[in-house]
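Colleague: I have a file open and would like to go through it with you. Can you take my questions as they come?

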Amino acid sequence: MMSALFKELYSKKFYDFFAQACNEILSDFDTQKFTALIFCEQFDGYEFKQRVSHTTTVLHQFMPEQFEQAAKLILTLVKHFEDLGVKADSLEYLFLPEYIERYGINEYRSAVSAFEVITPFITCEFAVRPFIVKYEQQMLEQMILWTTHKNNRVRRLASEGSRPRLPWGIALTSLKKEPAPLLTIFDQLKEDECELVRRSVANSINDIAKDNPDFVIRFAREHYGKSKNTDKLIKHACRTLLKKGNPDVLELFGFDSRDINISEFCLKQPVIVIGSELEFTFSIQNRSSLSKKLRLEYGIYYQKNNGNLSRKVFKISERNIRPDEIYSVTRKQSFKVVTTRKLYSGAHQVSLIVNGREFEILDFELIE
């Protein structure tokens, strides 16, 4: 979402549309002045989040000084955009909840009421977080109330906004340390009729697994096996623990590596060029008298700048394997240059992971 493409959402066409809408709602709105302030000297160099914040700052100059009045006008604008056919979750409108966050942080009641109305149009999951930091108990009580809201996007705000490690959002340090206050939200929403809401709950629990794995294991054991939707939620919530090969979670989901045999693990080429692919094959056999559930993964040990190796785990599949069945796999891993990972030439490794157990490691070399 942070790519250069997203900053282009803030185009002249968008601002012309937005200014026209403001002109119809805000008295004495100066379209020319607004446009001039938006397209300042630095605008072209701004990335997406900078453009969001810049738009918030400029809009503030045309709004009433009293936040309560400004919030009412923003709600009127949102209704106007909906009437004009603007689709929900159009990212270019993220400056509206940021306005509430920035200028309403000391006006709790008006700000929280505005979040509830705005979030069906544009998510307020990032904007509510400073309020959780400043008014934690009040906000958690409010979010519990939101879990029963008729609108699924408001219910989702309760779980998504309170995620301890929400990407893009500020970390909620106290909830990272002690996530127990979130249990009521999870209990209320874990069987929500909306998959979007249930997935948000799963993501929040997965966040917690990174700091408090025992909390997640207890939650999973308590609720797994109750319903199809909850089982799916818990499986998604435990994905980090599954990747780490946590034995308690592997046992919960029935992944047992005993009587599993790996053979013919080999690389097509032991030396690959940056920009190409690593191809490897292997066979797996179930030597037990019972069918087994398989979770197949592989680890790439990337070389770091200091020469050490760091493993990243990739999932292949999950499937059942019959007694004595032999299952063969071919897999390719891209080593194309991407912005999210710096590739260094030199020694690397690839490993096979079955039901959380790392079976075998092979060396290969990456060259330029």
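Colleague: What kind of model is it, and how are residues numbered?

Modeller: This is a predicted model, in which local features need pLDDT of at least 70 and side-chain atom pairs count only at pLDDT 80 or more, while totals for chains, interfaces and linings use all residues. Residues are numbered from 1 along each chain as its sequence is written, and side-chain values use heavy atoms, with hydrogens and water left out.

Colleague: Start with the inside. Which residues touch the most other members of the largest nonpolar core?

Modeller: Tyr 93 and Met 139, out of 84 residues in that core. A nonpolar core here is a set of buried Ala, Val, Leu, Ile, Met, Phe, Trp, Tyr and Cys residues joined through side-chain atoms within 4.5 Å. Buried means under 20% relative accessible area, exposed means over 50%, and partly exposed is in between, with a 1.4 Å probe and protein chains only.

Colleague: Which helix gives the most to this core?

Modeller: Helix 5 (residues 67–83), with seven residues. Helices are DSSP runs of H or I with at least four residues, strands are runs of E with at least two, and both are numbered from the N terminus.

Colleague: And what is Met 139 in contact with?

Modeller: Leaving out neighbours within four places in sequence, Met 139 contacts Tyr 108, Val 112, Val 128, Phe 131, Ile 132 and Trp 146. Contact means heavy atoms within 4.5 Å. Another core, of 26 residues, lies apart from the largest one, and Leu 267, Phe 280, Tyr 298 and Ile 300 are among its members.

Colleague: Which residues of helix 6 are buried?

Modeller: Phe 95, Leu 96, Pro 97, Glu 98, Tyr 99 and Ile 100. They pack against helix 2 (12–25), helix 4, helix 5, helix 7 and helix 8.

Colleague: Different topic. At what angle do helix 13 and helix 15 pack?

Modeller: About 35 degrees, with the axes 8 Å apart; helix 13 covers residues 195–209 and helix 15 covers residues 228–237. The axes are lines fitted to C-alpha atoms, for helices over the stretch in contact, and angles run from 0 to 180 degrees between N-to-C directions.

Colleague: Which residues meet there?

Modeller: From helix 13 there are Glu 195, Arg 198, Arg 199, Val 201, Ala 202, Asn 203, Ile 205 and Asn 206, and from helix 15 there are Asn 229, Lys 232, Leu 233, His 236 and Ala 237.

Colleague: How many salt bridges are in the whole structure?

Modeller: The search finds 25. A salt bridge is a side-chain nitrogen of Lys or Arg within 4 Å of a carboxyl oxygen of Asp or Glu.

Colleague: What does Lys 7 form a salt bridge with?

Modeller: Glu 47, with the closest N and O atoms 3.6 Å apart. Lys 7 is in helix 1 (residues 4–7) and Glu 47 is in the loop between helix 3 (31–38) and helix 4 (48–60), so the pair ties together parts 40 residues apart in sequence. Lys 7 counts as buried at 12% relative accessibility, whereas Glu 47 at 36% counts as partly exposed.

Colleague: Last one: what is the phi of Asp 89?

Modeller: Near 65 degrees, a positive value in a residue other than glycine. Most residues other than glycine have a negative phi. Asp 89 sits in the loop between helix 5 and helix 6 (95–103). Asp 259 also has a positive phi, of about 60 degrees, and lies in the loop between helix 17 and strand 1 (260–267).
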